[in-house]
Amino acid sequence: MVAISVQAEPRDAASWSVLARRCEAAGFDGLLVADHPGTAASPYVALAAAAAVTERLQLGAYVSHAGLREPLLLASDVATLDVVSGGRARLALGAGHTPVEWEMLGSVRPDVAGRVRRFTAVAEACRALLAGEEVTADGPEVYARAARLEAPRPVRQPVPFTFGGGNSVLLEWAGRHADVVALSGLGRTLADGHSHEVRWRGADIDRQTELIERGAKAAGRGTPPAREALVQHVEITDDAEAAARRFAERAGCADADVLASPYVWLGTEREITAAVADAERRWGITAYVVRDQALDAAEALVPLLRAETPARPPGLHG
């Protein structure tokens, strides 16, 4: 069955606990928190609080920022979350894109190639530490001297690993190494440093899935990583075409791209369920993340989607 998680962040203690319990009771698979230092909550603090009031939800940052996070500290955060949640932590990592997040820490955002190198080094070091290995790295992307994560040790081995992003080199890398590849439909970062071009055409997603599968084949993996899509908008409506026109104007893309995209759920409950099934057939997408602004609509869809989509992606279930 399809896996559906919620991305949210705490606004106060009481409502955060209520939200976590609601997500679990409604049948969502996970609760995730963004990682944007300076403009969003600390993901691992928030997730530890959610772990205390839930029993089943998978928990993770969506996604941790490889450009800013040091491997040993990140591995310690993930392992600690895994311990306090009883083995429900996910490691999810992306290369980062927002220039101001580097600037606030006194550095400059690297170019694309530099962010790719940094991501790869952090991901490999962090995964090795979580697996109990010793890490020594001489830079320039990561420096470590006989680093070990002796305590706490994660409950679950291995900790499921998600790559989040759309870079071509990293999509192929993720095909070799990741349990899950999280696709967002977001392209090049625009001049404001925060927003993105959208890449919602079917051909764009075809190309991304081809890269994932190429990497998996090169690594000799019998099954490529599961694919997860970030849903940017959910709207249950009897007039999907009108809703697509409105959303396409804001997103700067064609109506047809919106209607065919796995990143937007528009239409009747039956139409959305059919679109999710189509996305699985075409692109192998078997998991979704919805934002908490769409929680009411998504909650109504959970029983339908879980009942009518048979796939169970690896790494997302305990």
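1. Asp-238, Asp-239, Glu-241, Glu-249, Asp-255 and Glu-271 form a patch of negative charge on the surface. A patch here consists of residues with over 30% relative accessible area and no salt bridge, in which like charges are joined within 9 Å and nonpolar side chains (Val, Leu, Ile, Met, Phe, Trp, Tyr) within 5 Å. Asp and Glu count as negative and Lys and Arg as positive, while His and the chain ends are not counted; the place of a charge is taken as NZ of Lys, CZ of Arg, CG of Asp or CD of Glu. Accessible areas come from the Shrake-Rupley method with a 1.4 Å probe, and for residues only the protein chains shown count as cover.

2. The model is predicted, so that local features need pLDDT of at least 70 and side-chain atom pairs count only at pLDDT 80 or more, whereas totals for chains, interfaces and linings use all residues. Residues are numbered from 1 along each chain as its sequence is written, and side-chain values use heavy atoms, with hydrogens and water left out.

3. A nonpolar surface patch of about 240 Å² is made by Val-83, Val-84 and Val-155. Of these residues, Val-84 sits in helix α3, residues 71-84, and counts as partly exposed because its relative accessibility is 48%.

4. The model holds 14 salt bridges, each being a side-chain nitrogen of Lys or Arg within 4 Å of a carboxyl oxygen of Asp or Glu. One of them joins the side chains of Arg-22 and Asp-296 at 2.6 Å, N to O, and this pair links distant parts of the chain, with Arg-22 in helix α1 (residues 13-26) and Asp-296 in helix α11 (residues 295-308), 274 residues apart. Arg-22 is partly exposed at 32% relative accessibility, whereas Asp-296 is exposed at 57%.

5. Arg-117 and Glu-141 also meet through their side chains in a salt bridge, at 3.1 Å, N to O. Because Arg-117 lies in helix α5 (residues 112-130) and Glu-141 in the loop between β6 (135-138) and β7 (143-147), the pair ties together parts that are 24 residues apart in sequence. Both residues are partly exposed, Arg-117 at 45% relative accessibility and Glu-141 at 22%.

6. In a further salt bridge, the closest N and O atoms of Glu-172 and Arg-214 are 3.5 Å apart. Glu-172 lies in helix α6 (residues 168-177) and Arg-214 in helix α7 (residues 202-218), so this pair ties together parts that are 42 residues apart in sequence. Salt bridges with shared partners also join Arg-22, Asp-296 and Glu-299 into one network.

7. Two histidines deserve a separate remark. His-97, in the loop between β5 (89-94) and α4 (99-103), counts as buried because its relative accessibility is 19%, and its side chain makes a polar contact of 3.3 Å with that of Thr-98. A polar contact is a pair of N or O atoms within 3.5 Å; within protein, one must be able to donate a hydrogen and the other to accept it, and residues adjacent in sequence count only if both atoms are side-chain atoms. His-65, in strand β4 (residues 64-65), is buried at 3% relative accessibility, and the side chain of His-65 reaches the backbone nitrogen of Gly-67 at 3.0 Å.

Key: Helix = DSSP H or I, 4+ residues; strand = E, 2+ residues; numbered from the N terminus. Buried < 20%, exposed > 50% of the residue type's maximum accessible area, 1.4 Å probe, protein only.
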